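Work through the exercises below with the coordinates open. Each task is followed by a solution in steps.

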Amino acid sequence: MTDVPAAARTRVVEGLSGLRIETPSWGYANSGTRFKVFAQPGVPRTVHEKIDDAATVHRFTGAAPSVALHIPWDAVEDYGALADHAAERGVRIGTVNANVFQDDAYRLGSVCHPDPAVRRKAVRHLLDCVDIMDATGSRDLKLWFADGTNYPGQDSIRRRQDRLAEALREVRDRLGGNQRLLLEYKLFEPAFYTTDVPDWGTAFAHCLELGDRARVVIDTGHHAPHTNIEFIVAVLLRLGKLGGFDFNSRFYADDDLMAGAADPFQLFRVLFEIVQADALRPDSGIAFMLDQCHNVEPKIPAVIRSVMNVQEATAKALLVDTAALAEAQRSGDVLGAHAVLMDAYDTDVRPLLAALREDTGLAPDPIAAYHHSGHADRLSAERAGGRQAGWGA
């Protein structure tokens with residue numbers, strides 16, 4: 001095993017014990033690109049089977065106790081019964097994601113659309129999602145808008161922001177208890193000239209206006225190339241406006257690959273800022289979520305791998321010698337400070353994590369354990385027939 005000092009090992013154990021990673025229902029369904037959605041054997045046919053798959057991931061990792069819903073992809077008649085089904089499987093319903101981008105009415109936008117009737121339709125859906133949160137006990141409503149324009153002059157940029165603000169206020173006012181609104185941003189796609197929530201500054205400005213119930217979500221794949229995402233993390237943490245993450249990877253313009261696949265060093269740097277802020281704990285208010293669509297790779301193993309990648313990056317972040325780092329920073333030792341970070345990042349934490357899993361009764365290698373279990377073959381046999389779930393593209 002890699003030699004990890006006892007004090008550092010304790011930090012890792014305590015830090016990871018509080019890390020909870022929410023998995024996405026749509027990550028278990030058939031998905032693809034704008035060109036093709038590929039079907040796979042054993043894919044869920046209902047949201048109940050998606051929850052079953054999420055429970056399988058939690059069973060093998062011990063770190064994924066909640067599953068996010070996407071409405072209307074996961075619509076059912078009785079959401080209380082769906083929450084009960086999740087509890088019976090050892091997980092719970094987490095974030096509710098609204099979908100106002102797959103209706104013909106939204107061709108020119110949803111809450112930012114120039115037609116008041118379309119805006120009303122979109123807001124009604126968002127309010128319905130809050131009703132679902134009430135029924136499932138969910139804390140967070142996550143909003144991502146495909147709204148934007150393709151050509152200069154197509155619509156008023158300022159008026160679209162006014163429409164967005166009005167819709168967000170109405171949804172905020174409907175929230176109850178400990179419920180929150182999490183606003184996600186994306187640089188572009190499907191809008192190519194202006195996107196109505198393109199960056200963290202726009203999302204932050206709206207959340208600031210909305211008050212304590214609104215926070216920003218950072219999707220790690222939704223930035224311009226070479227964006228310093230950890231800087232955004234640090235600033236939002238400082239301002240108390242970071243609500244959570246959608247972890248995924250991208251190599252070019254699109255996203256939704258496995259977390260840590262494209263740039264594991266970036267994932268480490270992001271999680272180091274979280275560790276520095278002592279924000280791994282569930283009561284910190286940071287939602288750690290995966291937002292991924294597995295197009296060609298098998299679904300459950302890909303989600304397990306993503307959970308493991310986030311755990312490994314977090315473990316490395318917890319290994320940073322913060323006292324040595326602070327001393328190097330105070331003395332202006334640029335290379336020394338950088339070396340402290342790199343020493344932690346270069347540590348092979350896999351043996352340590354394997355040992356920690358064994359200590360809690362889990363298999364040391366969740367991927368190997370899943371394949372050895374024969375679970376995939378059983379699903380392929382049990383789920384033969386019926387209509388497989390997909391993202392509706």
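This is a predicted model: local features need pLDDT of at least 70, side-chain atom pairs count only at pLDDT 80 or more; totals for chains, interfaces and linings use all residues.

**Exercise 1. Aromatic pairs**

Classify the ring pairs Trp73 with Phe101 and Phe265 with Phe268.

Solution. 
- Step 1. A pair of aromatic rings is described by the distance of the centres and the angle of the planes. Rings pair if their centres lie within 6.5 Å, and by this rule the count comes to ten aromatic pairs.
- Step 2. For Trp73 and Phe101 the centres are 6.4 Å apart and the planes stand at 85°. Planes over 60 degrees apart count as edge-to-face, so this pair is edge-to-face.
- Step 3. Trp73 lies in the loop between β2 (66-71) and α3 (79-88), and Phe101 in the loop between β3 (92-98) and α4 (116-136). The pair therefore ties together parts that are 28 residues apart in sequence.
- Step 4. Trp73 is partly exposed at 21% relative accessible area, and Phe101 is partly exposed at 28%. Trp73, Phe101 and Trp144 form one aromatic cluster.
- Step 5. Phe265 and Phe268 have 5.9 Å between centres and 15° between planes, and the pair is stacked. Both residues lie in helix α8 (residues 264-276), three residues apart, about one turn of the helix.
- Step 6. Phe265 is partly exposed, with a relative accessible area of 24%, whereas Phe268 is buried at 1%.

**Exercise 2. Charges over rings**

Which residue lies over the face of Phe265, and which over the face of Tyr345?

Solution. 
- Step 1. Arg269 lies over the face of Phe265, at 4.7 Å from the ring centre.
- Step 2. Lys316 lies over the face of Tyr345, and its distance from the ring centre is 4.5 Å.

**Exercise 3. Salt bridges**

How many salt bridges are there, and what does the pair of Arg174 and Asp134 tie together?

Solution. 
- Step 1. Side chains of opposite charge can pair when their charged atoms come close. The cut-off here is within 4 Å, and the count comes to 27 salt bridges.
- Step 2. Arg174 and Asp134 meet in a salt bridge at 2.6 Å, N to O. Arg174 lies in helix α5 (residues 157-174) and Asp134 in helix α4, so the pair ties together parts that are 40 residues apart in sequence.
- Step 3. Arg174 is partly exposed at 28%, and Asp134 is partly exposed at 43%.
- Step 4. Asp348 forms a salt bridge with Arg350, the closest N and O atoms being 3.0 Å apart. Asp348 is partly exposed at 30%, whereas Arg350 is exposed at 53%.
- Step 5. A network of salt bridges links Arg45, Glu49, Asp53 and Arg383.

**Exercise 4. The cavity**

What volume does the largest cavity have, and which element gives the most to its lining?

Solution. 
- Step 1. A search of the whole structure finds one cavity of 30 Å³ or more. The largest cavity has a volume of about 30 Å³.
- Step 2. Its lining includes Glu22, Trp26, Lys142 and Met289.
- Step 3. β1 (21-24) and β10 (287-290) are the elements that give two or more residues to this lining. β1 gives the most, with three residues.
- Step 4. By type, the lining residues divide into five nonpolar, two polar and three charged.

Conventions. Residues are numbered from 1 along each chain as its sequence is written. Side-chain values use heavy atoms; hydrogens and water are left out. Rings of Phe, Tyr and Trp (its six-membered ring) pair if their centres lie within 6.5 Å; planes under 30 degrees apart count as stacked, over 60 as edge-to-face and the rest as tilted. Helices (H or I, at least four residues) and strands (E, at least two) are DSSP runs, numbered from the N terminus. Buried means under 20% relative accessible area, exposed over 50%, partly exposed in between (1.4 Å probe, protein chains only). A charge sits over a ring if NZ of Lys or CZ of Arg is within 6 Å of the ring centre and within 35 degrees of the ring normal. On a 1 Å grid over the protein atoms alone, a cavity is a set of points where a 1.4 Å probe fits but cannot get out, and a pocket is an open set with protein on both sides within 12 Å along at least five of seven lines; lining residues have an atom within 4 Å of a point. Grid points are joined across faces, edges and corners, and a volume is the space filled by probe spheres set on the points. Ala, Val, Leu, Ile, Met, Phe, Trp, Tyr, Cys and Pro count as nonpolar, Asp, Glu, Lys and Arg as charged, and the others, Gly among them, as polar. A salt bridge is a side-chain nitrogen of Lys or Arg within 4 Å of a carboxyl oxygen of Asp or Glu.
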